[in-house]
Amino acid sequence: MTRTLISQAQLQRGRGRFLYWTVLTVVVAGFTLVFLGPLYWMVTGALKTGQEIAQTPPTLWPHDPQLQNYADAWNNLDLAKLLFNTFYYAAGAVFFQLVFDTAAAYALSKLRPVLGNVILGLMLATLMIPAMVLIVPQYVTAIDLPFIHVNLLDSPWAIWLPLVANAFNIFLLKRFFDSIPEDLIAAAQVDGASPLRTLWSIILPMSRPILGVVSIFAVTAVWKDFLWPKLVMPSPETRTLSVGIYAFSGGTPMNVVIAASVIAAIPTVIIFLIFQRNIMSGLTTGSLKG
Amino acid sequence: MAIMTAPGTATKPAPAPPRTVSKKGRKVRDNLTGHAFLLGAVFCFALFMWFPMIRGIVMSFQRTRRGETTWVGWDNYSRIIADPSFWTAWKNTFLFTALALVVGYVLPFFVAILLNELRHAKGYLRILVYLPVMLPPASALFLFKYYAYDPSEAGLFNAILKALHLPTSEWMQSPTMTIPAMVIASTWMNLGSAVLIYLASLQNIPGELYEAAELDGAGVWRRIWNVTIPQTRLILALLAMLQIVATMQLFIEPLILANGAGTQDSATSVAYLIYQHGFFQNDLNGAAALGVIMLVVLAAFSAVYVRLTTKQD
């Protein structure tokens, strides 16, 4: 391993060694407390009774665990429906991003049609525009699409189509495709492969890691998004998890709201634990060398 | 898959086989194919990015009443600025951005330096730091609202403060603590991605630089100041900008933690005001005008940033 701020030798000798192990213990304990502690508090807090929650000082673990809170959250907030909606939007988001964003990145990287660079520039420019600035005109567009005058409220397209307009994904994919040798593509052309065939049989099989990263980001984006789904999915039948929990939070006991929040967080946490390597590498490659 | 099975045989990109189509015709066809592949994405960008950008500016000079749209000049702007919450919202947003910059920007850098020095439990610590980033913000914020910021002594933070014999706080019910409380919650939720980005850039620093600095007698702090910071300067500057843009859009924290405006308007943010005007007061044009003001302010920030970073080079 390469040398960092403090040399390996310094950490292995007497005082340095002692200091290193102290710091390591403090950091591991401290980080566990700061980052895992609140999650523990959330999961166990949702098991407490209303009285136990209001108790001073707070109890470390529930004395009389109320699984009922989780059951109430599941039934009263219709979490099954909300979970299904969110999964459905996330799956569609992955599909449409993979199809349209890979196609666009492939065109910009390998086919390079006229004005391709101008289009890429216009796409990248949208990275500079804060989302909040566009929220009103985007909403006005979604409720009355130009020319065809279709209202997208409560339709999954209102979530899927805006997510395709993701310049970061296109940039990430284009950079990956740029690193695929031109010779391979030329060889495929000689063999008579059409551009679509080249994309499908050569580019895509080589790009599995980056396609994975884009898919994971699409799922987490849908899962975490709040304001846009709140605006374009106004009816209770089409809500996402976060919006549904927020809508119910007013008239629901707080233990039940927290229980619902725990259930809402479980899928992303599982996705993270399974794909943490891909997520972390995608995060750093995307932002570092830009 | 003849191409893949015999990589040795298909080497040189030979000239295209002669076709009946003219060279110009081929070029046109290739371009059309390229644009066909771009079509889906361009359509979505046009519909939900490029067109709304222009439309937002146009809308801010119009007023739609009972289905009739008229040009009203700067009326929307003057109405929005006259809103008693307008200046409070900017004050709160700037305060939040500044505090989040002090806490949420410096902290991840030092966390990353610390993690980079540790030779054990690396994977575990990285997972821990990034875990909150994966939670839906609404979930995490309800946790803060109900359990951490409970103003009684049953709240998590107050219980800790009391155990340490420190004065407890009313958190979201105290106008002075509202913004710091939002900064704490927001930093906890977002710190992970900055830490990982810094970690990646720290690993690109050549070890010889530290070696040389140490031989010159530079201590740990001097090495951070003279090696680490200059070596990661670009990424430091980039993340500062990204963070300012992100924190200026403060929205979900006030909405959930403070039910929107908070005690005595102490949580109202500019983004929340856009939401209020657009979707509660039925004033989409005023909201669009506020959006344009926000864009101009952020553009000014970016301009200053570009000036500062290019000057150093």
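Over residues 90–305 of chain B the chain is 75% helix and 0% strand, and 20 Å separate the C-alpha atoms at its ends, where helices (H or I, at least four residues) and strands (E, at least two) are DSSP runs numbered from the N terminus. The structure is a predicted model, in which local features need pLDDT of at least 70 and side-chain atom pairs count only at pLDDT 80 or more, while totals for chains, interfaces and linings use all residues. Residues are numbered from 1 along each chain as its sequence is written, and chains are lettered from A and ligands numbered from 1 in the order in which they are written.

The span 90–305 of chain B is the one that UniProt, in an unreviewed entry, lists as "domain: ABC transmembrane type-1"; UniProt positions are given in the numbering used here, feature names are shortened, and annotations may be inferred rather than shown by experiment. For chain A, an unreviewed UniProt entry lists residues 83–275 under the name "domain: ABC transmembrane type-1", and over these residues the chain is 76% helix and 0% strand, with end C-alpha atoms 20 Å apart. The unreviewed entry for chain B also lists the name "transmembrane region" for several spans, including 32–51 and 179–200. Residues 32–51 of chain B are 100% helix and 0% strand, with 23 Å between the end C-alpha atoms, and residues 179–200 of chain B are likewise 100% helix and 0% strand, with end C-alpha atoms 31 Å apart.

Chain A is divided into domain 1 (8–71) and domain 2 (73–288), the bounds coming from an automatic or database domain assignment. The centres of these two domains of chain A, taken over C-alpha atoms, are separated by 34 Å. Their contact takes 10 residues from domain 1 of chain A and 10 residues from domain 2 of chain A, two residues being in contact if their C-beta atoms, placed from the backbone, lie within 7 Å. On the side of domain 1 of chain A that touches domain 2 of chain A, the elements giving two or more residues are α2 (14–45), α3 (50–53) and α4 (67–76) of chain A. The residues of this side divide into six nonpolar, three polar and one charged, where Ala, Val, Leu, Ile, Met, Phe, Trp, Tyr, Cys and Pro count as nonpolar, Asp, Glu, Lys and Arg as charged, and the others, Gly among them, as polar.

The contact between the two chains takes 90 residues from chain B and 93 residues from chain A. On the side of chain B that touches chain A, helix α2 (residues 23–59) of chain B gives the most, with 22 residues. By class, that side of chain B has 64 nonpolar, 18 polar and eight charged residues.

The largest nonpolar core has 162 residues, of which Ala93(A), Ala104(A), Ala260(A), Ala41(B), Leu257(B) and Ile274(B) touch the most other members. Such a core is a set of buried Ala, Val, Leu, Ile, Met, Phe, Trp, Tyr and Cys residues joined through C-beta atoms within 7 Å, and a residue is buried if 20 or more other C-beta atoms lie within 10 Å of its own, exposed if 12 or fewer, and partly exposed in between, with C-beta atoms placed from the backbone. Helix α8 (residues 178–202) of chain B gives the largest share of this core, 17 residues. Because domain 1 (8–71) and domain 2 (73–288) of chain A both give residues to this core, it lies between them. Apart from neighbours within four places in sequence, Ala260(A) is in contact with Ala73(A), Leu77(A), Leu79(A) and Ile245(A).

In chain B, strand β1 (residues 62–65) and strand β2 (residues 68–71) run antiparallel and are joined by four bridges; two strands pair if DSSP finds at least two bridges between them. Gln62(B) has Trp71(B) in β2(B) as its bridge partner, and Arg63(B) stands opposite Thr70(B) in β2(B). The hairpin of β1(B) and β2(B) has two residues between the strands, and in this hairpin Arg66(B) takes a positive phi near 45°.

Ala167(A), placed in helix α9 (residues 167–178) of chain A, counts as buried because it has 20 C-beta neighbours inside 10 Å. Asp154(A), found in the loop between α7 (131–143) and α8 (157–164) of chain A, has a positive phi of about 65° although it is not a glycine.
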